[in-house]
Structure formats: C-alpha cells, structure tokens
Amino acid sequence: MAKMTLDQLRALRAEKQEELERRNVEGKDIQVIVGMGTCGIAAGAKLTFDAIVAALEKHNMASRVVVRQTGCMGLCYVEPTVEVVMPDMPSVIYGKMTSEFAEELVVKHLVEHSLLDNHIFDRPAVDIVKH
Amino acid sequence: MHFTVGDFVLDLAQNSVEAGARTIEVEVDEGADGVRVRVADDGRGMSPEARARALDPLANSGAKHPGRKVGLGLPFIRQAVELAGGSFSLESERGVGTEARFFFPSASVDSPPLGDVGQLFTALVSLAGAAEMKLRRSRSRDGLKYGITKSELVEAAGDLSSAASLALVRQFLASQEEG
C-alpha cells in the first residue's frame, strides 16, 4: 500500500465517523485487555494485540471496544493472556491466547456471547496474589 | 526469551511507562551492519545500585509485584546481545531518566529478526499512561526514513483507547513502512 499522510488519516477517520453515525452504534461498552509484561511479550502478546485489533475491525466491532495493554497479570505460565469485560457476560481472563485465537475471541465471545472454554484461566501465580 | 527486536523494544518502553515517563523516545535504525535501537525516557530513573539490580535476573524491586523474585526484561536483552555478539548499554540517573541502547549485528546467525515495525509502533502508541511517544525509523537499504509522534496520531485518528481509532493508526503505520 502507498504511504499514507496524516491528512489522509484524518480524512479516513472522518469517513469512518460518518459511517458510524449512519449505523447508530452505541458507545464503547467492551474492554479487551492484553497482558504485555515481559512474560506476555515473550509468549507473543504483541502479535495477539495486533491480531485482535485487526479482527475487531474485520467484524465491525472496533467502535464498541476499548483495547488496552496491561503488565503481568500473574498468569505467566499461560501467556499470552487477554481479559474481556463486557455487559451480559462474566469477566474472564483467557490464557494461551496466541494470535491465531484472536478472531475466535472476537467472533465467539464478543459477537456470539459464548465463552472460549479451552482458554479460561483465573488463578494468578502465588507471588502476584494481593494481600 | 523474546523472538524479535521489536519485542525487546516494547518491553523497554513498558519499563519507561512504569517509571512514570512523560516523554518516551524510540529510534529504530536498520543499517547494513545491523539494527540499532534507542529507547529513552524522562521517568524517575535509577541510582547505580538500582540499575545493577535491574540488570540482575534474580532481583526485583517489588514495586509492581511485591512477592516476585525475578525480573527478566533487561537480562533478556543483555543475554540476547551477548549471544549475537552485539552491544547493549543502559544509562540512568535518578530524577532525570533512563536511556537504553542496543545493537544486533546482521552478520550473526543469533541476531533476532527485526519484526514488523508498523505493529511495534502501533503497540507503542497504545501503551497505557499519558506519555508522549516520539518514534523515529530509518532503513539504509532503501533510504526509508520517517518520524511520528503519538500526539500527531491521536489528533488525526482520535483517542487510541478506541479500537476503531487504533485500527486506523495500525493501517497508517503499516503504510509508513512501504515508503
């Protein structure tokens, strides 16, 4: 693709905003938090983060979602980890979320409201537990 | 251990955010002889003793995780450059900031791949915290050279906490790599 200028980026944003207004989308009510401590990065979390952003865009979910990075959540043994917080679903921390599962996360959890059972981990390591 | 140079850069930038930096500078230069990186911040910095502990894999300041007995981010970089015959430096001053520089020679089979710089820069500008990011990129092979800041991207694409704005920025940054 050709190199974009900042003006082109502004124009693309304006175009997308018009589309959003036409579709009458709600505010951002979904949070997706990717663990990006040293453990997460070593397990490929940067690729997971990128794949999630791409999948959200592909499935027209991006305008409803806040994607954030956080440090180590204490689940180093199952990195990459992704926490999902959304209305009408239990808050979940998923583990072993390498980039190939990003699309499944968006489609199953965010769109279909169904948990990824094979990826649920919720017990942090002993040295992380808050006292 | 991290797989790409980009992963090491992201790890260093996370340290800068956690040090309370207001401005973080990242430079990625791909020369014929190898890849040079600089990550500098104006965060709280480290005393000589704290710096020595930061480089020790079995030391941890306990600031983030009170019971943790390892801190591997900086030791990973040092180990990787040693394996590849590269170089690494870490300068820091308490109350001023920290600067990390490293170099991986292209001639070494142990040098990690650079990784996708567009992806790296997207991850950097969406790091938590209010820090400004100043990014510079160069590549001698084709003369690619550009600089961009987080504030410029936010102004053009909107608040990066929105995945929609982030997706636009991702597309924009990927295009910068095309030259």
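Student: Where in chain A is A:Pro80 found?

Tutor: The model is a predicted one. Its residue A:Pro80 belongs to chain A, and its place is described by the two strands on either side. A:Pro80 is found in the loop between β2 and β3.

Student: Which residue does a cis peptide bond join to A:Pro80?

Tutor: The omega angle of the bond in question is about -5°. This bond is cis, and the partner that it joins to A:Pro80 is A:Glu79.

Student: Is A:Thr81 buried or exposed?

Tutor: A:Thr81 also lies in the loop between β2 and β3 of chain A. Leaving aside neighbours within four places in sequence, its contacts include A:Ile33, A:Val34, A:Gly35, A:Met73 and A:Leu75. A:Ile93, A:Tyr94 and A:Gly95 are also in contact with A:Thr81. Because its relative accessibility is 0%, and the cut-off is under 20%, A:Thr81 counts as buried.

Student: What distance separates the C-alpha atoms of A:Val78 and A:His119?

Tutor: Along the chain, A:Val78 and A:His119 are 41 residues apart. In the model, their C-alpha atoms are separated by 9.1 Å.

Student: Among contacts in chain A between residues at least 6 apart in sequence, what percentage join residues at least 24 apart?

Tutor: Chain A has four helices and four strands, and their order along the sequence is α-β-α-α-β-β-β-α. Buried residues account for 44% of the 131 residues in this chain. Among contacts between residues at least 6 apart in sequence, the share that joins residues at least 24 apart is 65%.

Student: What is the relative accessible area of A:His113?

Tutor: A:His113 is another residue other than glycine with a positive phi, in this case near 60°. Its place is in the segment after α4 (102-111) of chain A. A:His113 is partly exposed because its relative accessible area is 38%.

Student: How many residues of the contact of α3(A) with α4(B) are charged?

Tutor: On the α3(A) side stand A:Lys46, A:Leu47, A:Phe49 and A:Asp50, which meet B:Gln119, B:Leu120 and B:Ala123 in α4(B). The residues of this contact include four nonpolar and one polar, and the number of charged ones is two.

Student: Is α1(B) roughly parallel or perpendicular to α4(B)?

Tutor: The axes of α1(B) and α4(B) come within 10 Å and cross at roughly 10°. Angles under 35 degrees fall in the class that applies here. The relation of α1(B) to α4(B) is therefore roughly parallel.

Student: How many nonpolar residues has the contact of α1(B) with α4(B)?

Tutor: B:Gly6, B:Val9, B:Leu10 and B:Ala13 in α1(B) meet B:Leu120, B:Ala123 and B:Leu124 in α4(B). By class, the contact has no charged residues and one polar residue, while the number of nonpolar residues is six.

Student: Which element gives the most to the lining of the largest pocket?

Tutor: The largest pocket has a volume of about 1,100 Å³. Its lining comprises 40 residues, and those nearest its centre are B:Asn15, B:Glu18, B:Ala54, B:Ser61 and B:Lys64. Among the elements that give two or more residues to this lining are α2 (38-42) of chain A and α1 (5-18) of chain B. With six residues, the element that gives the most is α1(B).

Note on methods. Residues numbered from 1 in each chain as written. Chains lettered and ligands numbered in written order. Predicted model: local features only at pLDDT ≥ 70, side-chain atom pairs only at ≥ 80, totals over all residues. Heavy atoms only, no water. Contact = heavy atoms within 4.5 Å. Nonpolar A, V, L, I, M, F, W, Y, C, P; charged D, E, K, R; others polar. 1 Å grid on protein atoms, 1.4 Å probe; cavity = no way out; pocket = protein on both sides within 12 Å on 5 of 7 lines; lining within 4 Å. Points joined across faces, edges and corners; volume = space filled by probe spheres on them. Buried < 20%, exposed > 50% of the residue type's maximum accessible area, 1.4 Å probe, protein only. Axes fitted to C-alpha atoms, helices over the stretch in contact; angles between N-to-C directions. Parallel < 35°, antiparallel > 145°, perpendicular 65-115°, else oblique.
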